[in-house]
Amino acid sequence: MTRSARWADCPILPALRRDQTPVKTPPADFIRANTAIAAPVHLPEIRLHLADEALSLWHKTENELGLLGLPPPFWAFAWAGGQGLARHILDFPELVKGRSVLDFGTGSGVVAIAAALAGARQPVGAIDVDPWSVVAAGLNARLNGVDIDVCARDIIGHDEGWDVVLAGDVFYDKAMTDRVLPWLEALAGRGAQVIVGDPGRSYCPRDRLRLEATYCVPVTRALEDADVKTTSVWRVIAPEQLCRGV
Ligand SMILES: C[S@@+](CC[C@H](N)C(=O)[O-])C[C@H]1O[C@@H](n2cnc3c(N)ncnc32)[C@H](O)[C@@H]1O
């Protein structure tokens with residue numbers, strides 16, 4: 001399949017390849033050289049290493065570094081779901097203040113950084129399956145003077161006792177949603193505060209979430225085919241509590 005066909009497969013980006021070949025530690029210099037430091041319009045408090053075009057960056061990463069089969073460069077953008085969630089955390093710091101926090105699917109680290117700036121216990125946990133995200137989120141945390149503990153692993157199904165679990169823009173793929181949602185619901189069921197940000201992706205399970213807030217997030221037309229995405233912040237509720245209307 002051609003690269004552009006792979007991109008066309010998915011509402012935003014194709015899902016991560018399940019047969020990813022492990023990559024040695026990605027070079028921070030490459031990330032620095034191929035991104036610009038900027039603050040997303042919706043998050044003037046946070047500076048990130050950002051790209052403005054995904055496809056050429058993806059090509060360049062594979063070609064220049066001779067690494068084939070890389071996942072898309074999710075780490076080079078602050079996705080609408082993450083921006084809405086990060087805005088919410090910055091505006092309502094009491095959600096995370098003094099608490100242990102995990103940012104699941106951290107990408108650039110934008111949500112973890114917002115949590116740290118809002119007063120979450122540091123280091124804030126940040127997890128992504130993509131090792132490029134680990135390097136990019138680490139660079140971005142340093143830019144913002146916060147401490148995040150970012151690692152590459154698939155944590156779905158595990159529970160390390162976090163007080164708060166955050167996830168920005170993770171409902172972009174059916175297989176991903178089918179795995180993530182029951183895990184997030186189980187975490188909510190044992191008492192974690194689980195909050196997600198989503199800009200209306202097709203697989204967002206709205207009927208199983210409780211709406212907290214809505215934001216208009218400026219986005220890149222090249223990525224989203226829109227200039228602004230209405231992004232909702234939702235609370236994940238354990239199914240038994242949702243039925244009882246708790
Ligand atoms: C659309 S990006 C969102 C990134 C960031 N939260 C934001 O809003 O800007 C989705 C992220 O989920 C990550 N991801 C996919 N499957 C995952 C898994 N099983 N565990 C952890 N992260 C995962 C991807 O690598 C990607 O960085």
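A residue is termed buried if 20 or more other C-beta atoms lie within 10 Å of its own, exposed if 12 or fewer do, and partly exposed in between, with C-beta atoms placed from the backbone. By that criterion, Val-180, Leu-181, Leu-184, Glu-185, Leu-187 and Ala-188 are the buried residues of helix H7. The model is predicted: local features need pLDDT of at least 70 and side-chain atom pairs count only at pLDDT 80 or more, while totals for chains, interfaces and linings use all residues. Residues are numbered from 1 along each chain as its sequence is written.

**Overall architecture**

- The protein chain has nine helices and nine strands; these are DSSP runs numbered from the N terminus, helices being H or I of at least four residues and strands E of at least two.
- Of the 246 residues in the protein chain, 46% are buried.
- Among contacts with a separation of 6 or more, 70% join residues 24 or more positions apart; a contact requires C-beta atoms, placed from the backbone, within 7 Å.

**Helix H7**

- Helix H7 covers residues 174–189, and its 16 residues reach 22 Å from the first C-alpha to the last.
- This span is close to the expected 22 Å, a value given by 1.5 Å times one less than the number of residues.
- Just after H7, Gly-191 adopts a positive phi of about 110°.

**Packing of H4 and H5**

- The axes of H4 and H5 come within 9 Å and cross at roughly 5°; axes are lines fitted to C-alpha atoms over the stretch in contact, with angles from 0 to 180 degrees between N-to-C directions.
- The two helices H4 and H5 are therefore roughly parallel, the term for angles under 35 degrees.
- H4 contributes Gly-82, Gln-83, Leu-85, Ala-86, Ile-89 and Leu-90 to the contact, and H5 contributes Val-110, Val-111, Ala-114, Ala-115 and Leu-117.
- These contact residues divide into nine nonpolar, two polar and no charged; Ala, Val, Leu, Ile, Met, Phe, Trp, Tyr, Cys and Pro count as nonpolar, Asp, Glu, Lys and Arg as charged, and the others, Gly among them, as polar.

**Leu-85**

- Leu-85 of helix H4 is buried, with 31 other C-beta atoms within 10 Å.
- Beyond four places in sequence, Leu-85 touches Val-111, Leu-166, Gly-168, Ile-195, Val-196, Gly-197 and Val-233.
- The C-alpha atoms of Leu-85 and Thr-231 are separated by 8.4 Å, although the two residues are 146 residues apart along the chain.

**Ligand shell**

- Among the 26 residues around the ligand, Phe-74, Gly-82, Gly-105, Gly-107 and Gly-168 come nearest; membership requires a C-beta atom, placed from the backbone, within 6 Å of the molecule.
- Helix H4 (80–91), helix H5 (110–117) and strand S4 (124–128) are the elements that give two or more residues to this shell.
- The shell comprises 14 nonpolar, eight polar and four charged residues.

Conventions. Parallel < 35°, antiparallel > 145°, perpendicular 65-115°, else oblique. Contact = placed C-beta atoms within 7 Å.
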